Amino acid sequence: MAAAQGAGSSSAGPSGLPGSAPGHSSNSTTVAVWEWQDEFGNWRPYRGNVCSYIEQVFQASQQKGRRSGSGLVSSIPLGQADPVLAPYVIDIPSLMQFRQDTGTMRAVRRHLFPGDSAAGQGIVWEWQNDEGGWSPYEMNVCVFLEQARATNHQRVDLGPLGYNYEVDFVSQIQTNKTTGFRRSVQRRLDAPYPVTTSPAPLHTGVACSCQQCWLNSGTGPITTRYRHSMINFPSSSITHQVSGRTSSISSSSVSFMPYNKPPLSGARSTARLNAQSTWALPQAGGPSTGLSASNKVSTPDLTIKMSKPSKLNQALAATPTDPEAVVKKYLEELKGTPTDEDCIICMEKLSSPSSYSDEYDNSTIKPETVGRLTNCQHSFHMLCMLAMYSRGNKDGSLQCPSCKTIYGEKTGTQPKGKMEVFTFPQSLPGHKDCGTIQIVYHISRGIQGPEHPNPGMPYTARDFPRYCYLPDNEKGRKVLELLRVAWKRRLIFTVGTSNTTGESNTVVWNEIHHKTEMDTNLSGHGYPDPNYLDNVLAELAAQGVTEDCLRQ
């Protein structure tokens, strides 16, 4: 086992840290930390105030269930804790976080810690990402680091927690044990996580043999995807510490933050959608190769024809599809209303009027009208579906907030640009039997349209052109053709705020991951990665881009 070394002390495992317990804490105070899981299997804590709200609703639901014998509350809208999280809902039965405007789903878990741990004191440990911002470690690691610091250890090895790093408290440096790469770390005070009561065992920051630790250290869906893997990601860390954009989100002093939007108003319920909010992903770096290319293929520029030459008029002149017509096209009105079923958009009972009634008082759709989507058969207030559609880019498509089924052809908000494709014989690591496909994306700065966060304002386009790589084999070529479809549907990029740089009104990656490096996967952006092609096919399918699109 890797050692945690203190000043003048011999090597010791994590349970040898002075004052640490090998299993559960006897501390009577317990705090709850809610975390969401990124696409690499790493857990990322919500901020303290958001966790407090989630825990409050969760505990109230448990108490109500014990009194009445009914089940737990089905979902928790995060917009009630923070308006910028309005598109996100936690589904309690499945322990999944659902983004209502894109359909993206993430596992969540509830993790308990002693009240005198880092979580109970509001202490968060963070590492510095390549953009200069600070990204939080998962709470298990924060608790472990704080315990080591409190017991005067000068250096600690994160190997026992599954991560290939050492942290030096004196120099405040994290070092990759394989590559020697160094990053700064910092200790930050935040709001303490909420005190709770639960019969579940506590976790003290070091894996033990209890069921909570054995089942991936928390309450929630169990996943092993990339967890503790040193094969696919030799420098894998808590939140893959990356220099470009393929892996995960690196935040600056926050765990989870779409770009800021003003809170929605005009409805009774505060559970609100913000379908224009974008989960802004890190920006890509510059070109990673200067290789010459052959078989050049270029897709047409994605442009919008306007009647006036002004860039501002060009951006604002798009004509949206009539929202009510779209809602009525895909939902059939129900004659009888389910009495015990909730509308997961407004969080009201379907037997009650929609919370958006005062916002759409001129609509021909009545507040009490309930509709069922024709294919998946999920039911909602039709006025709520109208509100959800109206806050999107109004492209004539709908996506079920419950199961992600897409009705119509989903399009995005990507600015105009150009996608080029090249091939060359050099192989990618892990794909020695074929050459390489290089995709080059070109987008220039411009003026935001009505589908963007701030219509009429300029947007920037940093680090273009962006270079991406696929193996030139059957599956790689399939991914390429689907990426072409996604490009034409404006799904690859969007305009929002970068979580890594904090810049707003800029072009950012959307939710389809790309490999921006060829010959290294230390950052998670390159090869080898045996799961990448399957993962990106799943991400494309979540956007409605499947093989069926190639047959049309």
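Which residues does Leu145 touch, not counting residues up to four places away in sequence? Select Leu145, then show Trp125, Tyr137, Val156, Leu158, Val167 and Phe169: Leu145 touches these, where contact means heavy atoms within 4.5 Å. This is a predicted model, in which local features need pLDDT of at least 70 and side-chain atom pairs count only at pLDDT 80 or more, while totals for chains, interfaces and linings use all residues. Residues are numbered from 1 along each chain as its sequence is written, and side-chain values use heavy atoms, with hydrogens and water left out.

Next, select Tyr46, Tyr137, Leu145 and Leu158, the residues with the most contacts inside the largest nonpolar core, which has 43 residues. A nonpolar core is a set of buried (under 20% relative accessible area, 1.4 Å probe, protein chains only) Ala, Val, Leu, Ile, Met, Phe, Trp, Tyr and Cys residues joined through side-chain atoms within 4.5 Å. Helix 3 gives the largest share of this core, 7 residues; helices are DSSP runs of H or I, at least four residues, numbered from the N terminus.

Move to Val50, in helix 1. At 4% relative accessibility, Val50 counts as buried. Leaving aside neighbours within four places in sequence, Val50 is in contact with Leu78, Ala81, Asp82 and Leu85.

Last, select helix 8 (residues 474-488) and helix 9 (residues 532-542), which pack at about 25 degrees with their axes 10 Å apart. Axes are lines fitted to C-alpha atoms over the stretch in contact, and angles run from 0 to 180 degrees between N-to-C directions. Helix 8 and helix 9 are therefore roughly parallel (under 35 degrees). Among the residues that meet are Leu482 in helix 8 and Leu537 in helix 9.

How values were computed. Buried means under 20% relative accessible area, exposed over 50%, partly exposed in between (1.4 Å probe, protein chains only). Helices (H or I, at least four residues) and strands (E, at least two) are DSSP runs, numbered from the N terminus. Angles under 35 degrees count as roughly parallel, over 145 as roughly antiparallel, 65 to 115 as roughly perpendicular and the rest as oblique.
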